[in-house]
Amino acid sequence: RKKELEKFLDAYPAKTKKNRRSHIVVRDSSLEEQQIIEANTRTIPGVITNRGCAYAGCKGVVLGPIKDMAHIVHGPIGCSYYAWGTRRNKAKTKDGEVNLINYAFSSDMQESDVVFGGDKKLAAMVDEIVETFKPKAVTISATCPVGLIGDDIGAVAKAAEAKHGIPVMSFSCEGYKGVSQSAGHHIANNVLMQRVIGSGEIEEAEGKYAINILGEYNIGGDSWEIERVLKDIGYHVVSVMTGDGSYETLKNAHTAELNLVQCHRSINYIAEMLEEKYGTPWLKVNFIGVQSTIESLRNMATYFGDPALTQKTEEVIARELAAVESKLEQFKKICDGKTAFCFVGGSRGHHYQGLFKEIGIDTVLAGYEFAHRDDYEGREVIPDIKLDADSKNIEEIKVSKDEKRYKIRILKERLDQIKDKIPLSYYGGMIKDMPDGSIMVDDLNHYETEEFIKILKPDILASGIKDKYVIQKMGIPSKQLHSYDYSGPYAGFRGALKFAEDITMGFTSPTWNYITPPWKQKPILDGTVTEGGK
Ligand code: CFM
Ligand code: HCA
């Protein structure tokens with residue numbers, strides 16, 4: 001396998017080969033030291049990556065799902081158009097409540113705005129939106145040209161805030177601010193923490209076992225399915241960040257007793273800051289896959305340590321399991337023994353491996369578009385991560401103890417008893433769960449996707465829109481694990497069943513009988529590109 005890998009990497013110029021080699025790891029647990037992967041560094045120009053930009057991570061991922069705010073994009077229309085509803089982050093409200101989830105607000109920047117400045121147009125736009133839609137708050141996200149021409153969105157936001165009396169927040173998340181979406185997550189986390197979270201008046205949560213669900217974006221209805229089960233057990237969900245989220249709930253997120261972290265990559269900054277400021281620990285959970293869901297629910301019960309809660313947790317687990325178990329077995333019969341690639345943005349590449357395994361599918365290659373080393377190797381490597389100029393470019397904010405609201409949520413003695421049993425304020429990353437011989441790739445590109453497919457011949461790929469059709473034209477089913485291809489939810493018990501059904505449909509579709517993969521038709525052309533194009 002390693003030889004085959006070296007062979008296709010030879011097609012790169014020497015420097016590129018060296019670079020890409022450091023982003024690929026063949027898992028070997030027999031080594032004394034844990035294996036290291038290069039991550040969160042620039043994609044080499046010319047390489048066709050699946051990555052997006054900082055604006056996508058800020059406005060599209062973290063802010064976009066907050067339904068009662070108006071999210072204004074200051075920039076050319078394309079930046080809005082290509083993000084309009086495609087992520088499938090669902091949101092619903094009761095009659096009369098503000099729900100702007102289906103809108104795309106863009107300043108539609110033109111050449112004249114680039115030349116003469118777009119700030120006046122932006123200010124007029126904020127006025128119009130506030131008057132028309134009555135949002136609870138407004139966000140303004142910058143796209144690339146904004147930073148280049150120097151429009152002061154901070155000043156526009158400040159003036160609009162004074163004029164309208166609602167929070168108007170600006171986000172300098174120009175696409176080029178980082179090497180990927182990840183920079184945008186960080187920028188959004190910082191402002192939400194400074195301006196929204198904790199700005200509410202409530203001091204005590206309105207229910208027992210109060211929790212926030214962080215890093216859950218309600219794609220295809222995932223958080224609704226998670227909340228259904230949690231509420232049934234007796235948890236009080238203060239806020240979800242940010243799936244089907246709202247300004248109204250986020251501002252009182254400081255009242256929770258525990259923060260759950262589903263997607264570590266996109267929201268670990270807020271999780272850490274909440275702990276620092278209010279003393280609320282965070283628990284790494286994974287509601288993708290039946291076993292991971294069960295484990296997460298049990299870990300939550302361990303944290304609260306109340307026998308009644310534990311009993312109710314077990315009852316709900318037994319009931320939910322009974323409803324899906326035998327049906328899952330049916331799908332497993334068709335999927336058993338097959339293999340998958342699981343390449344998604346920054347957390348699903350890990351989270352879905354367990355669910356694939358539950359229906360008999362082994363993940364032979366997995367990776368993330370833009371995660372950091374801690375998402376691959378575990379948070380213990382954070383002190384060793386070298387910050388390059390791109391990372392230093394993103395502001396690191398410091399929060400301090402809120403003297404009034406900081407609380408010891410769990411006694412030291414109990415914490416010591418449980419901290420080794422459950423992942424409190426810790427994420428172990430992907431690598432520990434990967435079997436020997438499987439491959440971990442960071443920022444997998446289109447060339448490598450095709451080459452790895454030829455070597456490993458997977459039965460299915462989990463990926464996104466940018467490579468889906470390339471893969472399907474190779475005769476392999478491809479399941480979008482970003483948007484879920486118009487399906488979902490895939491989280492929790494019922495979600496696992498829906499996933500199994502969709503994957504089985506992918507395999508049993510007659511489409512594949514009409515396609516012959518290229519390597520079955522003709523020998524594969526071998527070639528090399530040398531440095532300097534010689
Ligand atoms: Fe977290 Fe996400 Fe993901 Fe992500 Fe994304 Fe997404 Fe994703 Mo697409 S927040 S890192 S930036 S789980 S949008 S809901 S599917 S790449 S793996
Ligand atoms: C984004 C959003 C995205 C894109 C999905 C894809 C999503 O990164 O800007 O490439 O298929 O989940 O919608 O990750």
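Reader: In this predicted model, which residue of S8 is the bridge partner of Asn212?

Author: The partner that Asn212 finds in S8 is Asn259. To read such a pair, one goes from the two residues to the strands that hold them: strand S6, residues 210-216, and strand S8, residues 258-261, run in the parallel sense and are joined over four bridges.

Reader: In what order do the strands of this open sheet stand?

Author: There are four strands, and reading across them gives S7-S6-S8-S9, with parallel pairing. At the edges are strand S7 (236-242) and strand S9 (282-284), each of which pairs on one side only. On average, neighbouring strands here are turned by 25 degrees against each other, when direction is ignored.

Reader: Which strands does helix H10 touch?

Author: Helix H10, made of residues 222-233, packs on this sheet and touches S6, S7 and S8, while its direction makes about 160 degrees with that of S6.

Reader: What is the strand order in the open sheet of six strands?

Author: That sheet reads S1-S12-S11-S10-S13-S14, and its pairing is mixed. Strand S1 (24-26) and strand S14 (478-480) are at the edges and have a single partner strand each, so one side of each lacks a neighbour in the sheet.

Reader: How many bridges link strand S11 and strand S12?

Author: Strand S11 (residues 362-368) and strand S12 (residues 439-442) pair over four bridges in the parallel sense, and Ala366 stands opposite Met440 of S12. Helix H20 (residues 465-473) packs on this sheet, where it touches strand S13 (460-463) and S14, and its direction makes about 165 degrees with that of S14.

Conventions
Residues are numbered from 1 along each chain as its sequence is written. Chains are lettered from A and ligands numbered from 1 in the order in which they are written. This is a predicted model: local features need pLDDT of at least 70, side-chain atom pairs count only at pLDDT 80 or more; totals for chains, interfaces and linings use all residues. Side-chain values use heavy atoms; hydrogens and water are left out. Two strands pair if DSSP finds at least two bridges between them. Axes are lines fitted to C-alpha atoms, for helices over the stretch in contact, and angles run from 0 to 180 degrees between N-to-C directions. Contact means heavy atoms within 4.5 Å.
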